[in-house]
Amino acid sequence: MRQMKGWMKMKDEDKKISVEMSNTDGQENLTGHFLESENPEKLLEGAQPFMELMSRYRCAMMEVETKLRVLDEEFSLAYDRNPFETIKSRLKRPVSIIEKMKRKGCPLTVEEIEKQLNDIAGIRVICSFLDDIYTLADMLVGQDDIRLLEKKDYIIAPKPNGYRSLHLILEVPIFLSHSKQYMKVEVQFRTIAMDFWASLDHKLKYKKDVQEPERIAEQLRECADIISSMDERMQQIRDQIEKGKRED
Ligand code: 0O2
């Protein structure tokens, strides 16, 4: 199974493995610090609440993913097509959590991490068509146990560099042995074309010593525009086909 910068395609058969890998991810980092520590017992004690927090985020991620798969199942029966192509999920790595908390100038406690960060559990839904993004997002947000905390529509208002996607910050309840708890999950909806652009943009960001960075940025913006009009064309073609079917 291929892992893309922490974001993983979640086919049914992959789910168990990916959850195990997420666990291992957290533990690897923990083990690194553990070996260096002069007081490993104290460190382990401190790590336990963090591991529990990550476990709750993992559960929330699974909840939202299941909801999306249920919608996909129903959609494919009712309309004979799938509203999304793939789902990728990832838990933010401990090292990225620490970096982000430091950037925000926040103390590194489990309470603050939970309060400050919205994207520890992340789900990326890749759709074929623009319409499907909004249909799926509305269906998900319309479920009565889901709370919508924030919506950033970078499709209607792309970022200056050309980045496009629909981002939702949701809260979903997870049912534990003795309690129910709402956890935050970030869901990013994109078309295949938007995802293609964002993946390459992400790769290029890591290239060091790029010559003429402004020129590169300009070219990336141009590509984003091409991709945007391509998405619109593909949507129009689908609309024509659907209209033709209805008229038959
Ligand atoms: P990863 O591993 O992909 O998740 P916030 O998270 O709200 O505090 P911000 O910057 O307001 O911070 O969030 P934003 O911009 O709504 O969403 C951040 C995430 O969107 C990023 O997560 C990326 O996944 C994606 N994203 C946003 N802008 C770009 C972009 O210009 N190019 C690409 N390729 N992706 C983008 P992370 O944390 O960077 O990493």
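Modeller: The following account goes from the chain to the ligand and then to one pair of helices. This is a predicted model, in which local features need pLDDT of at least 70 and side-chain atom pairs count only at pLDDT 80 or more, while totals for chains, interfaces and linings use all residues. Residues are numbered from 1 along each chain as its sequence is written.

The chain has seven helices and seven strands, taken as DSSP runs numbered from the N terminus (helices H or I, at least four residues; strands E, at least two).

Around the ligand lie G6, N118, D119, G122, K152, K159, N161, Y163, H167, A198, D201 and H202, each with its C-beta atom, placed from the backbone, within 6 Å of the molecule. Two of these residues are nonpolar, six polar and four charged; Ala, Val, Leu, Ile, Met, Phe, Trp, Tyr, Cys and Pro count as nonpolar, Asp, Glu, Lys and Arg as charged, and the others, Gly among them, as polar. Helix α6 (residues 192–205) supplies the largest share of this shell, three residues.

Helix α6 also packs against helix α7 (residues 213–247), at an angle of about 165 degrees and with the axes 9 Å apart; axes are lines fitted to C-alpha atoms over the stretch in contact, and angles run from 0 to 180 degrees between N-to-C directions. Therefore α6 is roughly antiparallel to α7, a term for angles over 145 degrees. A193, M194, W197 and D201 of α6 meet L220, C223, A224, I227, M230 and D231 of α7, where contact requires C-beta atoms, placed from the backbone, within 7 Å. The residues of this contact comprise eight nonpolar, no polar and two charged.

Conventions:
Parallel < 35°, antiparallel > 145°, perpendicular 65-115°, else oblique. Contact = placed C-beta atoms within 7 Å.
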